[in-house]
Each structure stands twice: as structure tokens, then as C-alpha cells.
Amino acid sequence: VADELLEQVYGKEKETVIRQLQESRDPRVLRACPFLRTDVADLAGYLVMKLLNRLQFVPRQKVKAHNLELLLELCVAGAGVCFSPDYLVEGFLRPEQRAKLLQVPLGENLRYPICFGWRTGNYQWSMLEKFMECAKKKV
């Protein structure tokens, strides 16, 4: 979530909200904020849906998209709260963009292993290139 959004929504209470969020890791703390969501057909979106269902929390959804890079850009711009795997935040956003965000890990139960392979060659799709760069760093 962008610091700018927290300031806009919570004002003087921002630091209290940040502390509560960091201590509880509970997205319900941000119920006053709009949320940016990926589709449940995506694994990350599915895991988030399961988390929200378990918490019996239906956030106010501002945007739903299949493109997580777009959602992260909107998040940096202060449009809403975005759930994303940390490696994608690192891969898609520049350090100065990440500095504008409050990132809160939601716990081990939302982690998942992935296996993948790719053909060597030149790729025209920046999202695929960024994924491969992130994967090489993590392995």
C-alpha cells in the first residue's frame, strides 16, 4: 500500500494504522482503503481470495485485472491496496517506486513453490523478461 494513500485515508491516524497492520498482518486493518485485485484464476489471486474468505472480509474493490504489473503501478500511484508476491514487487517496480510502499508479508500460509523452465532466446514481452530476471535472482 502506498504511503500517500495511507496519509490520504487515515491522516493523523496513519502511524497507528501502520503499527496495527505490521503487528497483525491483517488486511482488515485497511478496510477504509480501496483494493486492487487479481483474478482468482491466477494462483496469487486465488490464495488472496482464500485468505479474505477465511477472515470473512470483503474489501471495497476498485480495480480487478489480470495484469499484476499494472496493479502494482496503480498501487504505487496511491489508487489502492494490492496483494502481490514479493518477488514480483521486486521485479516489476524500481527501487524508488518500492520506497513509496509499505510492504507487509502476510505469512507463510500464502507462500507457494513454483517450477518453470524456458527456452533460451530473445523475448519481446517485457513481463516475461522481468519474471526470468527475478527467478534467476531467487534461485
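Guide: Contact here means that heavy atoms lie within 4.5 Å. Please keep in mind that the structure above is a predicted model.

Visitor: Then which residues does D39 touch, leaving out those up to four places away in sequence?

Guide: D39 touches G45, Y46, K64, A65 and H66.

Visitor: Where is D39 found?

Guide: D39 sits in the loop that joins β1, residues 35-38, to α3, residues 43-55.

Visitor: Is D39 buried or exposed?

Guide: D39 has a relative accessible area of 17%. Buried means under 20%, so D39 counts as buried.

Visitor: And which backbone nitrogen lies 2.8 Å from a polar atom of its side chain, that of D39?

Guide: That is the backbone nitrogen of A41.

Visitor: Let us turn to the sheet. What is the order of its strands?

Guide: The sheet is open and has 3 strands in the order β2-β1-β3, with parallel pairing. Its edge strands are β2, residues 61-65, and β3, each of which pairs on one side only.

Visitor: Over how many bridges do β1 and β2 pair?

Guide: They pair over 4 bridges, in the parallel sense. Within β2, K64 is the residue that stands opposite R37.

Visitor: Which strands does α4 lie across?

Guide: Helix α4 lies across β1, β2 and β3, and it runs at about 170° to β1.

Visitor: Which residues of α4 are buried?

Guide: In α4, which spans residues 68-76, the buried residues are L68, E69, L71, L72, C75 and V76. Viewed down the helix axis, these buried residues fall within an arc of 160°, so they line one face of α4.

Visitor: What caps the N-terminal end of α4?

Guide: N67 is the cap: one of its side-chain oxygens lies 3.0 Å from the backbone nitrogen of E69. After the helix comes G78, which has a positive phi, near 90°.

Visitor: Now the nonpolar core. How many residues are in the largest one?

Guide: The largest nonpolar core has 36 residues, and those touching the most other members are V1, L6, L30, L72, V81 and C82. At least two residues of this core come from each of α1, α2, β1, α3, α4, β3 and α5.

Visitor: Which of these supplies the largest share?

Guide: The largest share, 5 residues, comes from α4.

Visitor: What is V1 in contact with, leaving aside its neighbours within four places in sequence?

Guide: V1 is in contact with L6, L30, C75, V81, K100, L101 and L102. Of these, C75 is one of the buried residues of α4.

Note on methods
Residues are numbered from 1 along each chain as its sequence is written. This is a predicted model: local features need pLDDT of at least 70, side-chain atom pairs count only at pLDDT 80 or more; totals for chains, interfaces and linings use all residues. Side-chain values use heavy atoms; hydrogens and water are left out. Buried means under 20% relative accessible area, exposed over 50%, partly exposed in between (1.4 Å probe, protein chains only). The arc is that of the directions from the helix axis to the C-beta atoms. A polar contact is a pair of N or O atoms within 3.5 Å; within protein, one must be able to donate a hydrogen and the other to accept it, and residues adjacent in sequence count only if both atoms are side-chain atoms. A nonpolar core is a set of buried Ala, Val, Leu, Ile, Met, Phe, Trp, Tyr and Cys residues joined through side-chain atoms within 4.5 Å. Two strands pair if DSSP finds at least two bridges between them. Axes are lines fitted to C-alpha atoms, for helices over the stretch in contact, and angles run from 0 to 180 degrees between N-to-C directions.
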